[in-house]
Number of protein chains: 2
Amino acid sequence: MAKRSPEDQLVARISRGFPALREAGLRLGSGDDAALWQPLPGYETVLTSDWFLEGSHFLREKHPAESVGWKCLARAASDIAAMGGAPRCFLLNLAIPASHTGRWLDEFLEGLRRAAKFLRCSMAGGDTTRNERILINVTVVGELAKGRAILRSEARDGDLLFVSGTLGEAEWGLRKLREGKAHARPLSTTLRKHLYPEPRIALGSWLAKHRLATAMMDLSDGLSTDLTRLCEASNVGALVEERAVPLAEGVPRHEALRLGLHGGDDYELLFTASPKQVRRLPRRFHGLPLTAIGVITREKKIVLLKADASLVPLQPSGWDPFRK
Amino acid sequence: MAKRSPEDQLVARISRGFPALREAGLRLGSGDDAALWQPLPGYETVLTSDWFLEGSHFLREKHPAESVGWKCLARAASDIAAMGGAPRCFLLNLAIPASHTGRWLDEFLEGLRRAAKFLRCSMAGGDTTRNERILINVTVVGELAKGRAILRSEARDGDLLFVSGTLGEAEWGLRKLREGKAHARPLSTTLRKHLYPEPRIALGSWLAKHRLATAMMDLSDGLSTDLTRLCEASNVGALVEERAVPLAEGVPRHEALRLGLHGGDDYELLFTASPKQVRRLPRRFHGLPLTAIGVITREKKIVLLKADASLVPLQPSGWDPFRK
């Protein structure tokens, strides 16, 4: 038999060391033309894809390869959490320079495998090719009990608006990284949240299982931008109370509010709950704070109630690759 | 309500005009964090992803945008055909320069929509961002009656080896395109096969439904490279009869054999059938020739029986991005 081609050798190396196929519902994983998958009986399939591109989403010289591996999967899995689902398997699409098939790839795979174990998510395949810049696209496949998905479009006038965790840390972590403080150990909380975000799978699943939220999405592009999306999908508005937004510790006070309102990459959950549901929500979910930051309104505007009691429009000012 | 962000406007424009969600098994398509999908009862899910990158897989100045749109979906769907499945929906991951959000994008979407209709495949979402070079990754989700998938790994000693259609046209079409004959109308057969390949969905499904093949894959990187993969997965070898390989008309004779053995991008099906199955195979399937080109052998070598009756090793010499 002729020797395996270089591409096939690489694919074999990439596919090793992930959680077992069978536990993920995979009858067939990498190595054939396609994977074969099915969810548990009574469950439906949740599908999402995300770009993770050198230059746009990470910097080759600044981001450790291990973080690139962790984060490309974690951020895509966050979209599954945002529906109330659980990730089960993923397709990795990777394009790298030939110079990066050695140590960089090993460290990248180390981070990816750690994330896959953390998320209990198996590898179902993907596509590997060569490119001068590092390009990553991840498709995550999850499952969710039929009819239990929490959509963006179901927020109603009078619902309360919640976020999990604290906001603004990840963007502050990015700034520190740009200043060259990436490899400091132990990692600060802000850096860790930027480099190794933990999607809120358990919280999302729990809210869906107990029907405790009317609408939900994850915060990837900043509260102001993502809340605008949720309100548009639900055909409602919102009032956000500035003082209620849970800001990150470890971010200087003069920056904290701006980063909390507009900073991206936090992967916390933004959700709405009816007054009846609110009574059943704890203040913390396994230690993670759940904070009411405002209310859904009939008037289709998003306004910020400032600390001085004035009302100002909250413009979407998070990350948008096509904004001029 | 604040105006939709530029990215959201673009996503809304991209999502329009595809086959209806419900017919594709989608309860929710684009516009939320993730899509919700389920196959028909008794079916399992088939998953595959493919890169389609400017510079590697197409040339911005040479390939019409409409072909880029058609081909990025068609070639990914070919992997579903290769299992015996039917494509149902897809996730489009698109990164384009701001300069390409106008006419280029319209033509790209025109080609993509035509392919989606042809393949009866609906849009389930994806991710859109900006990049200087055009980057595309497509995940296709298909379905297949449980237990009927045809894998690469089930070819057995004594099985006959078949290909659909003719081989080598697509690579010859690419060469013509490079020479600047892309926009000639009407398109020649070779150019059409390169620009608008038609994955063999109906044939793949039919072979799976009637259990008429032991192993199968699609030909994307060239017969010599892909047959090596099938043999390795099945732990067998093969003998290919040079004179039996169905070469393309319209390719000059001195080039035809090399292109037929090693040329990529044909998206025909390569499959094996036991002697018992062979009797039930027609010579043509809805007009598409099915040709026996050799036999599976116990000895793990791939050999070519030349026209002069000599035997030579058939080395994998198709496309490999990592070959030096």
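Modeller: Happy to! Keep in mind that this is a predicted model. The sheet is open and has six strands, in the order S1(A)-S2(A)-S3(B)-S6(B)-S4(B)-S5(B), and its pairing is mixed. Strand S1 (26-28) of chain A and strand S5 (122-130) of chain B are the edge strands, each pairing on one side only. On average, neighbouring strands of this sheet are turned by 20° against each other, direction ignored.

Now look inside the sheet, at strand S3 (residues 43-53) and strand S6 (residues 135-145) of chain B. These two run antiparallel and are joined by eleven bridges. A handy place to start is Glu44(B), which stands opposite Leu144(B) in S6(B).

Next comes the helix on these strands. Helix H2 (residues 65-81) of chain B lies across S3, strand S4 (86-96) and S6 of chain B, and runs at about 140° to S3(B).

The crossing of H2(A) and H3(A) is right-handed. Residues that meet there include Trp70(A), Leu73(A) and Ala77(A) from H2(A), and Trp104(A), Phe108(A) and Leu112(A) from H3(A). By type, the residues of this contact divide into 13 nonpolar, three polar and four charged. Among the residues in the contact are Glu66(A) in H2(A) and Arg114(A) in H3(A).

Methods. Residues numbered from 1 in each chain as written. Chains lettered and ligands numbered in written order. Predicted model: local features only at pLDDT ≥ 70, side-chain atom pairs only at ≥ 80, totals over all residues. Left-handed = near helix turned anticlockwise from the far one by under 90°. Helix = DSSP H or I, 4+ residues; strand = E, 2+ residues; numbered from the N terminus. Contact = placed C-beta atoms within 7 Å. Nonpolar A, V, L, I, M, F, W, Y, C, P; charged D, E, K, R; others polar. Pairing = 2+ DSSP bridges. Axes fitted to C-alpha atoms, helices over the stretch in contact; angles between N-to-C directions.
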